[in-house]
Amino acid sequence: DFLMQKMPAEKADKRILFVGADEEDISNDKYGYPIPDETLNQLLEKIQTYQPAAIGVDIFRDQPVFRSDNKNTHQQTLINQWQENKNLIAICAGNNLKNSVAPPPNVDKKQVGYADLFDDKSQTQKQDDTIRRYLLSRSPNAITNVSRCTTSYSFAWQLLYRYFKYTSKSKSKSKIKAKFKQIPITTVDNNWQFGDTVIKRLQPQSGGYQNLDASGNQLLINYRNTPKIAQQVTIRDILENSNKFNPDWVKDRIVLIGITATSIRDIHDTPQGEIRGLFIHAHAISQILSAVEDNRTLIWWLPQWGDTILVLFFSCLGGIIIWYWQNPKHQIIAISSAAIILYILCWFAFTKGGWLPLIPSTLSLLGTSGIVVVWTMKKKIMGNE
């Protein structure tokens with residue numbers, strides 16, 4: 001978490017656009033909350049005219065929602081949107097009947113992604129609720145109760161799939177010219193592969209995850225170090241043709257629609273502080289887009305024997321320093337220098353995606369040096385006696 005906060009600053013991802021309903025959008029003077037089907041339908045219709053690669057609606061729509069001043073439901077019109085536009089992704093949530101939320105009715109399962117996010121409570125005896133992992137796809141569990149959310153693919157995966165299968169077409173002098181080359185999506189050794197980029201799934205004993213439940217394809221999120229991950233507009237900016245909205249921000253992009261009003265709580269702890277769930281999905285999407293198209297590094301880790309060698313090396317180094325330098329002042333300088341070198345090594349490796357055991361190595365360096373100090377002092381005392 002500390003190293004991720006120290007990563008070099010990055011620019012916003014221009015392949016993503018947020019359409020966020022802020023406080024003014026959800027006020028009774030505007031569209032209200034929940035966002036009515038009629039408003040959402042108008043929004044989707046207008047966005048589609050600007051040729052997005054994919055649209056993800058991070059708003060539950062398992063039941064009809066109408067304006068308080070208009071009891072007519074527009075749910076069927078909204079459902080027609082999903083049925084006619086295959087680049088449109090809905091969400092569901094939960095893996096059992098009790099806590100699950102269904103997708104919009106009569107929407108093709110292929111157009112639904114689960115919006116669940118997973119923290120590290122299960123890894124830390126409920127002491128840490130930080131979100132560091134993203135479940136791209138999940139494996140069916142035969143003993144789990146029936147769920148209203150039956151898709152095997154995440155919200156991010158469904159959007160990425162459509163983006164990489166999308167071909168932008170622009171007309172020029174009666175000719176249609178393709179802008180994007182479609183990227184194949186396959187699996188290699190149970191890892192997702194987008195083009196030539198393999199997304200290595202988390203396994204037990206991956207980095208700091210020693211007792212991980214490795215069901216499904218889990219990705220370590222390499223959060224983009226930027227104050228704003230993508231361009232953001234409001235619903236009214238689009239529906240009312242605000243000068244704050246440029247239609248070019250939609251074309252060929254992944255458009256994420258959700259709630260950004262602070263009064264609607266959807267906040268999660270991450271290595272970069274508190275972030276809304278909508279933005280966490282965007283970080284996962286941006287990470288894979290950047291890995292495939294920009295060669296941005298994914299997070300990797302050493303096998304357990306590699307971590308062990310590194311920890312043992314710094315453990316031995318601490319002992320050698322204390323044994324070699326008898327002057328306490330020299331010992332402190334040497335140990336401090338070794339700790340700084342270790343930090344720089346781990347930080348540099350992390351800028352390249354490498355997750356090295358910084359804390360275990362530091363503890364072994366200090367622990368062994370402390371043991372040798374005590375041992376040498378005891379030996380001197382016994383010699384004097």
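Trainee: Which residue has its backbone oxygen 2.8 Å from a polar atom of the side chain of S369?

Mentor: A polar contact is a pair of N or O atoms within 3.5 Å; within protein, one must be able to donate a hydrogen and the other to accept it, and residues adjacent in sequence count only if both atoms are side-chain atoms. Here the oxygen belongs to L366, and the polar atom to the side chain of S369. This is a predicted model, in which local features need pLDDT of at least 70 and side-chain atom pairs count only at pLDDT 80 or more, while totals for chains, interfaces and linings use all residues. Residues are numbered from 1 along each chain as its sequence is written, and side-chain values use heavy atoms, with hydrogens and water left out.

Trainee: Where is the place of S369, and is S369 buried or exposed?

Mentor: Helices (H or I, at least four residues) and strands (E, at least two) are DSSP runs, numbered from the N terminus. S369 sits in helix α10, residues 358-384. Buried means under 20% relative accessible area, exposed over 50%, and partly exposed in between (1.4 Å probe, protein chains only). With a relative accessible area of 7%, S369 is buried. Contact means heavy atoms within 4.5 Å. Leaving aside neighbours within four places in sequence, S369 touches G318, G319, I322 and I335.

Trainee: Which residues of helix α4 are buried?

Mentor: An α-helix has 3.6 residues a turn, so residues three or four places apart point the same way. In α4, residues 75-84, the buried ones are Q75, L78, I79, Q81 and W82. They line one face of the helix, because seen down the axis of α4 they fall within an arc of 145°. That arc is taken from the directions from the helix axis to the C-beta atoms. The buried residues of α4 pack against α3 (37-48), β2 (54-57) and β3 (88-92).

Trainee: How many residues of α5 are buried?

Mentor: In α5, 9 of the 11 residues are buried, and the helix is mostly covered. Among the buried ones are W157, Q158 and R162.

Trainee: At what angle do the axes of α5 and α7 cross?

Mentor: Axes are lines fitted to C-alpha atoms, for helices over the stretch in contact, and angles run from 0 to 180 degrees between N-to-C directions. The axes of α5 (residues 155-165) and α7 come within 9 Å and cross at roughly 35°. Residues of α5 including F155, L159 and Y163 meet residues of α7 including H281, I285 and L289. The residues of this contact divide into 11 nonpolar, 1 polar and 1 charged. Ala, Val, Leu, Ile, Met, Phe, Trp, Tyr, Cys and Pro count as nonpolar, Asp, Glu, Lys and Arg as charged, and the others, Gly among them, as polar.

Trainee: What is the phi of N106, and what is the omega of the peptide bond from Y33 to P34?

Mentor: Most residues other than glycine have a negative phi, and most peptide bonds are trans. N106 has a positive phi of about 65° although it is not a glycine. N106 lies in the loop between β3 and β4 (112-114) and counts as exposed at 62% relative accessibility. N295, also not a glycine, has a positive phi of about 60°. N295 is in the loop between α7 (277-293) and β16 (300-301), and it is exposed at 72%. The bond from Y33 to P34 is cis, with omega near -5°. P34 is found in the loop between α2 (23-26) and α3.
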